[in-house]
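This report describes one protein chain for a reader who is new to structural analysis. Please keep the sequence and the structure in view while reading.

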Amino acid sequence: MEFKRNSKTQLLSRIATNDRHGENSPYFDGWKAYDNNPFHATQNPNGVIQMGLAENKLCFDLIKKWTMENPDASICTAVGVDKFKDVAIFQDYHGLKEFREAIAKFMERVGGNKVTFDANRIVMSSGATGANETIMFCLADPGDTFLVPSPYYPGFARDLRWRTGLEIVPVDCKSSNNFRITRAAMEDAYEKAQKWNLNVKGIIIANPSNPLGTTLDIETMRSLVAFVNEKNIHLVCDEIYAATVFDSPRFVSIAEVIQDMDCCNRDLIHIVYSLSKDMGIPGFRVGIVYSFNDDVMLCARKMSSFGLVSSQTQYLLASMLSDDGFVGNFLRESSKRLAKRHYVFTKGLEQVGISCLTSNAGLFFWMDMRPLLKEQSFEGEIELWRVILNEVKLNVSPGSSFQCSEPGWFRVCFANMDDETVEVALNRIRAFVLNRENQESNRSKRCWRKKHLRLSFSSTRLYDETIMSPCMISPPSPLVRAKT
């Protein structure tokens, strides 16, 4: 019996093969360039330095120290192995009680103990990626739309749209007001969606912002809550960078904001959290959905069976996060180290005339490269990005991959490398900027010389009948005036 050969697209599902993952973006292309040629101080000193990945590697020593001092927190040590059977057997998708309690307590601590989180509302997920997708599955149907203030995290295209079938409409924020989320911008995006016959189900924000590295002020958040209440749509707050704040103003959770608002439908408010950024452990895949809506909480918990956190990880982190002394020291030290690294990087750039958006949180900053664009366009931005990636060998992410409405901005991650690599990266940037300035200077000189050379030739032809130099101040003869 003969079988017809089918193409891959015929053999695979539309969900698996659609192009909504967002992988075809300069954001991910930069990662691929790094993977193909990774920098190493001795083995590959001319390789690409990864500055496009928001990882927090600054406090691993603190976690290592705690782990060594608390071997009973792991079921894979001689001291903790007696708990192996209890932890390794089947756990339902509610998760370990002590884990949920420790997470709730940690979220309270990060928020300055201004609000209480209910451990029974903690729903597990496999990282923030899984948590964002889970909440979208709970709130919207294929074809529905979420508004997202831009610039926004490129991974939202995958997390929010790929398997859910949702659409994204950007809320364009401008550099003229430091990319603040305004009521006017939200209304404009909402009206656009309606014109396109899209059913808006909500708005999702990141606080602190990725890629801006800024925290939202209380008035902006109140405006967001008022907006969703008036439209009767959802507000999802991605707070995965909550503990990365290293300067004022402090982080304010949406949970704190709504507790002081009388006219707020709490069923519309939801939080996504993770330990990937705050603790620097993305490999542990700890994501959290926290909803004030009972129905959403129950639906999310059922869906969480597709991406649970391993019971071994829960057991370890329950012990770690319940250690008040460790948590307090970790949060203080992490803030200090992030502040120092941010200062070193931004001041180093400032020395060569590169400015950045003022920021106080995150593992990155928003770098203004508009003065270095050959043309003020997204084509000019991508051209500059290719030079930085392929010649300077730095993987920084262009603003267009974050759906920024203005060309020339780049996100630079600073917490995923050691101090020595920081210096190498800064030296490369300095050399690039100075070389660029020299090229521009030489180009200007050549243009000046060509211009004046043309003037000189023209003047020579003009005055050759009177045997006069173009530099002479004597008036030309009547013959010359007649010619002109």
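## Basis of the report

The model is predicted, so local features need pLDDT of at least 70 and side-chain atom pairs count only at pLDDT 80 or more, while totals for chains, interfaces and linings use all residues. Residues are numbered from 1 along each chain as its sequence is written, and side-chain values use heavy atoms, with hydrogens and water left out.

## The chain as a whole

The secondary structure of the protein chain comprises 17 helices and 13 strands. Helices (H or I, at least four residues) and strands (E, at least two) are DSSP runs, numbered from the N terminus. Of the 484 residues in the chain, 51% count as buried. Buried means under 20% relative accessible area, exposed means over 50%, and partly exposed lies in between (1.4 Å probe, protein chains only).

The accessible surface of the protein chain is about 24,100 Å², and 51% of this surface belongs to carbon and sulfur atoms. Accessible areas come from the Shrake-Rupley method with a 1.4 Å probe; for residues, only the protein chains shown count as cover. Among contacts between residues at least 6 apart in sequence, 73% join residues at least 24 apart. A contact means heavy atoms within 4.5 Å.

## Helix α9

How far apart are the end C-alpha atoms of helix α9? They are 18 Å apart, which agrees with the 18 Å that its 13 residues (183-195) should span at 1.5 Å a residue. The expected span is 1.5 Å times one less than the number of residues in the helix.

The buried residues of α9 are Ala-185, Met-186, Glu-187, Ala-189, Tyr-190 and Ala-193. Just after α9, Asn-197 takes a positive phi of about 60°.

## Strand β7

Strand β7 (residues 269-274) is largely enclosed by the rest of the structure, because six of its six residues are buried. Ile-269, Ile-271 and Tyr-273 are buried on one side, and His-270, Val-272 and Ser-274 are buried on the other, so that both faces are covered.

Which strands pair with β7? Strand β6 (residues 234-238) runs parallel to β7 and is joined to it by four bridges. Strand β8 (residues 286-291) pairs with β7 in the antiparallel sense over five bridges. Two strands count as paired if DSSP finds at least two bridges between them. Val-236 has His-270 of β7 as its bridge partner, and Val-272 has Val-289 of β8.

## Salt bridges

A search of the whole structure finds 24 salt bridges. A salt bridge is a side-chain nitrogen of Lys or Arg within 4 Å of a carboxyl oxygen of Asp or Glu. The table presents examples.

| Pair | N to O distance |
|---|---|
| Arg-163 and Glu-133 | 2.5 Å |
| Arg-341 and Asp-419 | 2.7 Å |
| Arg-370 and Glu-406 | 3.8 Å |

The salt bridge between Arg-163 and Glu-133 links distant parts of the chain: Arg-163 is in the loop between α8 (156-162) and β4, and Glu-133 is in helix α7 (residues 127-139), 30 residues apart. Arg-163 is partly exposed, at 44% relative accessible area, whereas Glu-133 is buried, at 12%.

The salt bridge of Arg-341 with Asp-419 likewise links distant parts of the chain: helix α14 (residues 324-350) holds Arg-341 and helix α16 (residues 419-463) holds Asp-419, 78 residues apart. Arg-341 counts as buried, with a relative accessibility of 6%.

For the salt bridge between Arg-370 and Glu-406, Arg-370 lies in the loop between β10 (364-368) and α15 (378-390) and Glu-406 in the loop between β12 (397-398) and β13 (409-413), so the pair ties together parts that are 36 residues apart in sequence. Arg-370 is partly exposed at 26% relative accessibility, and Glu-406 is buried at 15%.

## Two loop residues

Is Ser-304 buried or exposed? Ser-304 is buried, with a relative accessible area of 3%. This residue is found in the loop between α12 (294-303) and α13 (311-321). Not counting residues up to four places away in sequence, Ser-304 touches Tyr-93, Val-123 and Met-124.

Glu-391 is found in the loop between α15 and β11 (394-395) and counts as exposed, at 61% relative accessibility. Its C-alpha atom is separated by 9.3 Å from that of Val-48, 343 residues apart along the chain.
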